[in-house]
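Biologist: I am new to this structure and would like to know what lies behind the terms used for it. Please show me the model and take my questions in turn.

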Amino acid sequence: KGKRAFIAGVADDNGYGWAIAKSLAAAGAEILVGTWVPALNIFETSLRRGKFDESRVLPDGSLMEITKVYPLDAVFDSLADVPEDIKANKRYAGSSKWTVSEVAESVKEDFGSIDILVHSLANGPEVTKPLLETSRNGYLAAISASSYSYVSLLKHFLPIMNPGGSSISLTYIASERIIPGYGGGMSSAKAALESDTRVLAFEAGRKKKVRVNTVSAGPLRSRAAKAIGFIDMMIDYSIANAPLQKELSADEVGNAAAFLASPLASAITGAVIYVDNGLNAMGVGI
Ligand code: NAI
């Protein structure tokens, strides 16, 4: 029987989430996505008007189908956590049931269970500030949106994940090496995400036989990456210095995620898998 995937963090056709959805769809999975509430309208409109049709084409020529788009804000676990100003915000008031627990509940009502959970989202309001200039609120916001969001997603989806299921997140080497410019506590958030990957692999493995891995991806010109400001430089640096001197395509990360989600990876859990043209292995740029 086909597998069902929920991919959190898809709001256009440029990011890793979209590419992962495509690779999973090409392998026969049914695709559900979670889209950040403020981006929901434009994403659904663009999807409906065919703006993404070219990027929906799968290797066999068919178009990727997204069975359902769920509004999601992964910094809130339940309605009780949502402050009044957000509740009153026009874009948020326009949809409902977008906290993590409510989305998991809706997916359960609609489909019963899932096999694959993907976390492809991050946010750090002070990402352009060096760590030394980052405020406590900025740091905690980065951790909330980029790290705890994953703990919360897995916590709420695990009860509806089938045994043998797989969960994947996206991380960045700034967690373990100095990458000037990846600020605002985002490097700290990725370090937490990688550490949590190990602990969650243990807990979800023992509890539900679910595997938990994270893909440490090389630089991609996504919407989120453009907001950081140094993405073109990072892409040029990688092409100049990595063992494989080519631009990384989002599909290469998508394919690795599809592998990790498949039975081919049945003994891989708690791992950080580099999909970065090998840049992580270099000691100096040359
Ligand atoms: P993206 O812009 O396609 O994806 C980020 C998504 O997160 C967006 O769709 C945004 O709407 C969503 N989002 C932000 N806050 C949210 C919230 N509170 N609740 C729900 N959704 C929220 O950009 P990209 O780069 O594909 O990011 C996906 C993942 O890949 C992130 O974890 C990122 O850190 C990681 N990554 C990206 C790299 C790059 O160079 N682009 C390199 C290594 C890792």
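This is a predicted model: local features need pLDDT of at least 70, side-chain atom pairs count only at pLDDT 80 or more; totals for chains, interfaces and linings use all residues.

Biologist: Which residues come nearest to the ligand?

Modeller: There are 27 residues around the ligand, and Tyr-16, Ala-74, Lys-190, Leu-220 and Ser-222 come nearest.

Biologist: Which residues of α2 are buried, and what do they pack against?

Modeller: The buried ones are Val-37, Pro-38, Ala-39, Leu-40, Phe-43, Thr-45 and Ser-46. Their packing partners are α1 (16-26), β2 (30-36), β3 (66-72) and α4 (90-93). Just after α2 comes Gly-50, with a positive phi of about 85°.

Biologist: How many aromatic pairs are there?

Modeller: The count is 7 aromatic pairs.

Biologist: Why is the pair of Trp-18 and Phe-52 called tilted?

Modeller: The ring centres of Trp-18 and Phe-52 are 5.4 Å apart, and the planes stand at 55°. Centres within 6.5 Å make a pair; planes under 30 degrees apart would be stacked and over 60 edge-to-face, so the rest, tilted, is what remains. The pair links distant parts of the chain, with Trp-18 in helix α1 and Phe-52 in the loop between α2 and β3, 34 residues apart.

Biologist: Are Trp-18 and Phe-52 buried or exposed?

Modeller: Trp-18 has 3% relative accessibility and counts as buried, because the limit is under 20%. Phe-52 is at 3% relative accessibility and is buried by that limit too.

Biologist: Which residues do ring pairs link into a cluster?

Modeller: Phe-6, Tyr-70 and Phe-157 are linked in this way.

Biologist: What makes Arg-56 and Asp-53 a salt bridge?

Modeller: Their closest N and O atoms are 2.7 Å apart. A salt bridge needs a side-chain nitrogen of Lys or Arg within 4 Å of a carboxyl oxygen of Asp or Glu, so the pair passes. Glu-65 forms a salt bridge with Arg-56 as well, at 3.4 Å between the closest N and O atoms. The model's count of salt bridges is 9.

Biologist: Which parts does the salt bridge of Glu-247 and Arg-221 tie together?

Modeller: The closest N and O atoms of Glu-247 and Arg-221 are 3.5 Å apart. Glu-247 lies in the loop between α9 (231-241) and α10 (250-261), and Arg-221 in the loop between β6 (211-217) and α8 (223-228), so the bridge ties together parts that are 26 residues apart in sequence. Glu-247 is partly exposed, with a relative accessible area of 42%, and Arg-221 is partly exposed with 36%.

Biologist: Why is Ser-188 called buried?

Modeller: Ser-188 is at 17% relative accessibility, so the value is under the 20% limit. Its place is in helix α7 (residues 186-208). Ser-188 touches Leu-131, Tyr-139 and Ile-143, not counting residues up to four places away in sequence.

Biologist: What makes Lys-97 worth a remark?

Modeller: Most residues other than glycine have a negative phi. Lys-97 has a positive phi of about 55° although it is not a glycine. Lys-97 sits in the loop between α4 and α5 (100-111).

Notes
Residues are numbered from 1 along each chain as its sequence is written. Side-chain values use heavy atoms; hydrogens and water are left out. Buried means under 20% relative accessible area, exposed over 50%, partly exposed in between (1.4 Å probe, protein chains only). Helices (H or I, at least four residues) and strands (E, at least two) are DSSP runs, numbered from the N terminus. Contact means heavy atoms within 4.5 Å. Rings of Phe, Tyr and Trp (its six-membered ring) pair if their centres lie within 6.5 Å; planes under 30 degrees apart count as stacked, over 60 as edge-to-face and the rest as tilted. A residue is near a molecule or strand if one of its heavy atoms lies within 4 Å of it.
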